[in-house]
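Please prepare a briefing on the structure shown below, with the overall build treated before the local details.

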Amino acid sequence: MARKLGKRTDQRMHMLRNQVSELLWYGRIETTEDRAKEVKRLAEKMVTLGIKNYEDVVTTTKTKTNAKGESVAVEIKNDGKRKLHARRQMMSFLRDLQEIKGEKESKSAYKERTREIKHPLIEKMFNEYAPKYAARKEELGQGGGYTRIIKLGARRGDAAEMVIIEMV
């Protein structure tokens, strides 16, 4: 049974989507125990969706003319049907977070680095988390268990049990 967390359904879902997105982007967040259990449930579903579909890639070759007027064959990689569907499901659920500009990075270098990336969190899911956890799944022979909850103790004021939830 899903926890209500003292909020209406729309508010609760927005809060959980934000927390799942933050968890997947930063790797760890601090929240209350009940919220963390709900976030864990949703985050593991997103990671599993990425693991099942990250290898579905279709490669095509197209001929393009370069600056000298010569025809050159260019290999293009696109998402397959399953991966595209998984990508759209993730995009409908997760909040779209943007890359952060480096401390000493110039504006032009930041733009050049992020020019090709339209949805950084979704790309991180398919390029970083999915291969990592798929290898872990093969090694251990089990799925799931991509997150861990570490208890911190009671919060001062309302004595809510605080935890850190992080990606393993």
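Which pattern of helices and strands does the chain follow when read along the sequence? The chain follows the pattern α-β-α-β-β-α-α-α-β-β, with five helices and five strands in it, where helices (H or I, at least four residues) and strands (E, at least two) are DSSP runs numbered from the N terminus. This is a predicted model, in which local features need pLDDT of at least 70 and side-chain atom pairs count only at pLDDT 80 or more, while totals for chains, interfaces and linings use all residues. Residues are numbered from 1 along each chain as its sequence is written, and side-chain values use heavy atoms, with hydrogens and water left out.

**Overall build**

- The chain has a radius of gyration of 20 Å, whereas a compact globule of 168 residues would have one near 15 Å; the radius is taken over C-alpha atoms, and the globule rule is 2.2 Å times the number of residues to the power 0.38.
- Taken along the principal axes, the box filled by the C-alpha atoms is roughly 70 × 40 × 35 Å.
- Of the 168 residues, 35% count as buried, a term that means under 20% relative accessible area, with exposed meaning over 50% and partly exposed in between (1.4 Å probe, protein chains only).
- Among contacts (heavy atoms within 4.5 Å) between residues at least 6 apart in sequence, 55% join residues at least 24 apart.

**Surface and charge**

- The accessible surface comes to about 11,200 Å², and 48% of that belongs to carbon and sulfur atoms; such areas come from the Shrake-Rupley method with a 1.4 Å probe.
- The chain has 38 positive and 25 negative charges, and their mean positions are 4 Å apart; Lys and Arg count as positive and Asp and Glu as negative, while His and the chain ends are not counted.
- Each charge is placed at NZ of Lys, CZ of Arg, CG of Asp or CD of Glu.

**Aromatic cluster**

- The count comes to two aromatic pairs, under a rule by which rings of Phe, Tyr and Trp (its six-membered ring) pair if their centres lie within 6.5 Å, with planes under 30 degrees apart counted as stacked, over 60 as edge-to-face and the rest as tilted.
- The rings of Tyr-129 and Tyr-133 are stacked, because their centres are 5.9 Å apart and their planes stand at 25°; both residues lie in helix α5 (residues 120–140), four residues apart, about one turn of the helix.
- Tyr-133 also forms a tilted pair with Tyr-146, at 5.0 Å centre to centre and 50° between the planes.
- Tyr-133 lies in helix α5 and Tyr-146 in the loop between α5 and β4, so this pair ties together parts that are 13 residues apart in sequence.
- Tyr-129, Tyr-133 and Tyr-146 form one aromatic cluster; Tyr-129 and Tyr-133 are buried, and Tyr-146 is buried as well.

- Ala-86 lies in helix α3 (residues 81–93) and counts as buried, at 0% relative accessibility.
- Leaving aside residues up to four places away in sequence, Ala-86 touches Leu-49, Asn-53 and Phe-126.
- The C-alpha atoms of Ala-86 and Ile-51 are separated by 9.9 Å, although these residues are 35 apart along the chain.

**Positive phi values**

- Most residues other than glycine have a negative phi.
- Leu-5, in the segment before α1 (9–26), has a positive phi near 60° and is partly exposed, with a relative accessible area of 22%.
- Ala-159, in the loop between β4 (147–154) and β5 (161–167), has a positive phi of about 60° and counts as exposed, at 55% relative accessibility.
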